[in-house]
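I opened the model and took notes as I went.

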Amino acid sequence: MNNTINKPRIIAHKVKPGLKRIPNIKNIIAVSSGKGGVGKSTTAINLAISLTKSGAQVGILDADIYGPSLPILMGEVDYKPEISANNRFVPLEKYGIKAISFGFLADPKQATVWRGAIVNKALNQLLNDSEWGELDILIIDMPPGTGDIHLTIAQNFPITATVVVTTPQDIALLDVGKSINMFQKMDIPCLGVVENMSTHVCEKCGNQSDIFGLGGSARLKEEYGLELLAKLPLNLAICQQSDLGQPIASLIENPITPIYDQLANAVLTQLSALSKDYSNLIPPVQILK
């Protein structure tokens with residue numbers, strides 16, 4: 001099976017009125033769920049890695065201050081970012097992506113007991129005070145829920161679009177619906193839904209089991225008019241590779257990898273349909289006296 005996806009030219013797309021794109025970052029895609037435990041962070045890191053196969057320059061920001069997952073998922077729990085000459089964080093570069101997480105800065109055994117205002121300030125620093133370089137896409141791995149932190153990100157970060165991750169069961173669909181609704185109220189488009197843990201295929205007998213129910217993404221599509229970007233399986237190898245710090249999308253020969261590559265292709269297709277941002281093509285206005 002061919003594990004590569006097409007190599008489109010990725011351009012900047014519009015963000016909501018009143019916000020300006022961050023220099024050198026063309027698009028920011030927030031991966032959200034509204035609920036913990038649905039595999040959002042695993043989906044986000046594998047999506048980021050698969051997007052690089054399109055030729056895109058990709059970064060990922062772990063926005064979960066209270067429970068950052070990126071250090072484990074990238075196998076870098078002891079990594080500490082350097083500080084550049086410009087007094088900015090230097091992101092970790094691994095698996096073809098640039099990554100920054102509060103987990104790289106904090107003691108992993110200590111709880112982060114911070115109020116919302118401090119968390120919001122920390123997130124702004126991670127986003128704006130990191131040496132991202134030139135990025136076609138920055139993935140933000142959103143924390144679960146729809147609280148103050150999420151509102152701050154949606155209101156103040158120049159997010160191009162979102163991708164929502166859910167499992168098929170009703171309780172997850174209820175919470176992800178709240179996340180979709182929040183971003184809709186903020187005039188941030190959603191590229192579509194990823195149904196994670198969609199089905200399980202027994203490695204011994206080949207029997208397929210819909211452990212978490214069936215048809216969840218179809219109900220979201222009907223209610224919100226969203227595209228189904230991918231159905232990801234409940235697979236032991238995905239869990240094992242995540243715990244090893246080697247995301248499965250980085251394993252070219254693994255049979256699961258093409259599913260994430262197809263997800264990346266679907267995200268790029270939906271992204272390309274959004275309104276373009278041509279502001280960088282307009283020359284600056286000079287006032288002559």
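**Entry 1: strand E2.** I am working from a predicted model. I looked up residues 58–62, strand E2, and found five of its five residues buried. I then checked which way they point. Val58, Ile60 and Asp62 point one way, while Gly59 and Leu61 point the other way.

**Entry 2: partners of E2.** I looked for bridges next. E2 pairs with strand E4 (residues 97–101) in the parallel sense, over five bridges. There, Asp62 has Ser101 as its bridge partner. Five bridges also join E2 to strand E5 (residues 135–141), and these two strands run parallel. In E5, I found Ile140 opposite Leu61.

**Entry 3: the whole sheet.** I traced the strand order as E3-E4-E2-E5-E1-E6-E7-E10, an open sheet of eight strands with mixed pairing. Strands E3 (92–94) and E10 (228–231) stand at the edges; each has a single partner strand, so one side of each lacks a neighbour in the sheet. From one strand to the next, the twist averages 25 degrees.

Entry 4: I went back to E3. It pairs with E4 in the antiparallel sense over three bridges. Leu92 stands opposite Ala99 in E4.

**Entry 5: helices on the sheet.** I noted helix H1 (residues 40–51) packing on the sheet, where the strands it touches include E2, E4 and E5. The direction of H1 makes about 170 degrees with that of E5. I also logged helix H8 (residues 257–272), which lies across E1, E5, E6, E7 and E10. H8 runs at about 175 degrees to E10.

Conventions. Residues numbered from 1 in each chain as written. Predicted model: local features only at pLDDT ≥ 70, side-chain atom pairs only at ≥ 80, totals over all residues. Heavy atoms only, no water. Buried < 20%, exposed > 50% of the residue type's maximum accessible area, 1.4 Å probe, protein only. Helix = DSSP H or I, 4+ residues; strand = E, 2+ residues; numbered from the N terminus. Pairing = 2+ DSSP bridges. Axes fitted to C-alpha atoms, helices over the stretch in contact; angles between N-to-C directions. Contact = heavy atoms within 4.5 Å.
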